[in-house]
Every structure is written in structure tokens, then in C-alpha cells.
Amino acid sequence: MVGLWVFGFTSLLWGVIGVVMTAVPQLWANFIHQTVENDWKRFWLTQTMILVGLVLTIGTAQFQGTLVWMAFGVLLVVKACVLLGTGSHLRTRLLNVMSASPLWAYRCGGVVMLTLAVFLATDVILHG
């Protein structure tokens with residue numbers, strides 16, 4: 001029952017992020033830019049990413065796509081650790097690359113996030 005709430009919330013969060021990235025990519029780009037620049041916001045973002053990644057890695061053993069969700073969980077934890085541990089020079093370079101990305105790249109990422117949200121919600125409903 002707890003898994004239903006946790007994974008349902010994760011899928012809802014991914015869905016909202018996907019909709020924002022698809023509908024208003026400039027708003028998402030500004031949010032990420034401000035979050036990565038601010039140390040306190042970056043800390044909380046990365047801690048949330050690590051928590052969600054660990055929950056995906058540990059808690060999806062009963063799901064159909066166990067290996068897929070475990071892989072996404074591990075990737076999320078690694079991404080958060082890299083983002084948390086990088087120096088200001090590398091963060092500036094990452095922000096420059098993200099700022100140079102066209103808006104259609106954010107939209108494609110949003111579609112991928114929406115797809116992941118739907119697949120996770122479906123897996124939770126059918127096997128959770």
C-alpha cells in the first residue's frame with residue numbers, strides 16, 4: 001500500500017515535470033538554471049533525486065520492468081551525486097550547455113518524462 005503512494009507520487013511528479021518541459025520549456029530552463037546556481041536549492045534538489053533514485057532501485061522488485069526501474073534509479077542517484085559534487089567551473093560549463101540547447105530538446109525530454117510517468121503509473125497499477 002505504501003508503494004502505491006510512493007510510486008504514484010513519483011509518477012505524478014514526473015508527469016508534472018514532463019508537462020512543464022513540453023508546454024513551457026523556457027520556464028523549466030530558468031528553473032533549472034536558478035536551482036543549479038543556488039547552493040541550498042541544488043542541495044535539496046539532489047537529495048530529492050537521491051531519495052527517489054534509491055526508492056526506485058530498492059522498491060521496484062515486484063514490478064514487471066524491474067531492471068528498467070532499477071537502471072533509472074541508479075542513473076538518478078549517479079546524476080544527483082555528480083551534480084552535488086561538481087565544482088563551480090563544471091557547473092558553469094553544464095549551465096552554458098543547457099542554455100545553448102534549443103527549446104525542442106527540452107520538449108523531447110518532456111515527452112520522455114511523460115512516457116516514463118505513464119509507464120511507472122501503469123506498472124504500479126498492474127503489479128503494485
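**View 1. Tyr-106 and the backbone of Met-98.** The side chain of Tyr-106 comes to 2.8 Å from the backbone oxygen of Met-98. That is a polar contact: a pair of N or O atoms within 3.5 Å, where within protein one must be able to donate a hydrogen and the other to accept it, and residues adjacent in sequence count only if both atoms are side-chain atoms. This is a predicted model, in which local features need pLDDT of at least 70 and side-chain atom pairs count only at pLDDT 80 or more, while totals for chains, interfaces and linings use all residues. Residues are numbered from 1 along each chain as its sequence is written, and side-chain values use heavy atoms, with hydrogens and water left out.

Tyr-106 sits in helix 6. Helices here are DSSP runs (H or I, at least four residues), numbered from the N terminus. Tyr-106 counts as buried, at 12% relative accessibility. Buried means under 20% relative accessible area, exposed means over 50%, and partly exposed lies in between (1.4 Å probe, protein chains only). Setting aside neighbours within four places in sequence, Tyr-106 is in contact with Met-21, Pro-25, Trp-28, Ala-29, Met-98 and Ser-101. Contact means heavy atoms within 4.5 Å. Thr-22 is 84 residues from Tyr-106 along the chain, yet their C-alpha atoms are separated by 6.8 Å.

**View 2. The largest nonpolar core.** This core has 24 residues. A nonpolar core is a set of buried Ala, Val, Leu, Ile, Met, Phe, Trp, Tyr and Cys residues joined through side-chain atoms within 4.5 Å. Trp-14, Trp-28, Leu-56, Phe-63, Trp-69 and Leu-120 touch the most other members. Helix 1 (2-23), helix 2 (25-37), helix 3, helix 4 (66-85) and helix 6 (103-127) each supply at least two residues of this core. Helix 6 gives the most, with six residues.

View 3. Phe-7 is buried, with a relative accessible area of 4%. Leaving aside neighbours within four places in sequence, Phe-7 is in contact with Val-55, Leu-56, Gly-59, Thr-60, Phe-63, Leu-120 and Val-124. Met-49 is 42 residues from Phe-7 along the chain, and their C-alpha atoms are separated by 14 Å.

Thr-10 is buried too, with a relative accessible area of 6%. A polar atom of the Thr-10 side chain lies 2.9 Å from the backbone oxygen of Val-6. Not counting residues up to four places away in sequence, Thr-10 touches Val-52 and Leu-120.

**View 4. Aromatic pairs.** The whole structure holds six aromatic pairs. Rings of Phe, Tyr and Trp (its six-membered ring) pair if their centres lie within 6.5 Å; planes under 30 degrees apart count as stacked, over 60 as edge-to-face and the rest as tilted. The rings of Trp-14 and Trp-69 have centres 6.3 Å apart and planes at 35°, so this pair is tilted. The pair links distant parts of the chain: Trp-14 is in helix 1 and Trp-69 in helix 4, 55 residues apart. Both Trp-14 and Trp-69 are buried. Ring pairs also join Trp-14, Trp-69 and Phe-72 into a cluster.

Trp-28 and Phe-31 form a tilted pair, because their ring centres are 5.4 Å apart and their planes stand at 40°. Both residues lie in helix 2, three residues apart, about one turn of the helix. Trp-28 counts as buried at 16% relative accessibility, whereas Phe-31 is partly exposed, with a relative accessible area of 40%.

View 5. Helix 3 (residues 39-59) has 21 residues. From first C-alpha to last, helix 3 reaches 30 Å, close to the 30 Å expected at 1.5 Å a residue. The expected span is 1.5 Å times one less than the number of residues. At the start of helix 3, a side-chain oxygen of Asn-38 reaches to within 3.1 Å of the backbone nitrogen of Trp-40. The buried residues of helix 3 are Arg-42, Thr-46, Met-49, Ile-50, Val-52, Gly-53 and Leu-56.

View 6. The buried residues of helix 4 are Thr-66, Trp-69, Gly-73, Leu-76, Val-77, Ala-80 and Leu-83. Seen down the helix axis, these buried residues fall within an arc of 135°, so they line one face of helix 4. The arc is that of the directions from the helix axis to the C-beta atoms. The face turned away from the buried side carries the exposed residues Leu-67, Leu-75, Lys-79 and Gly-85.
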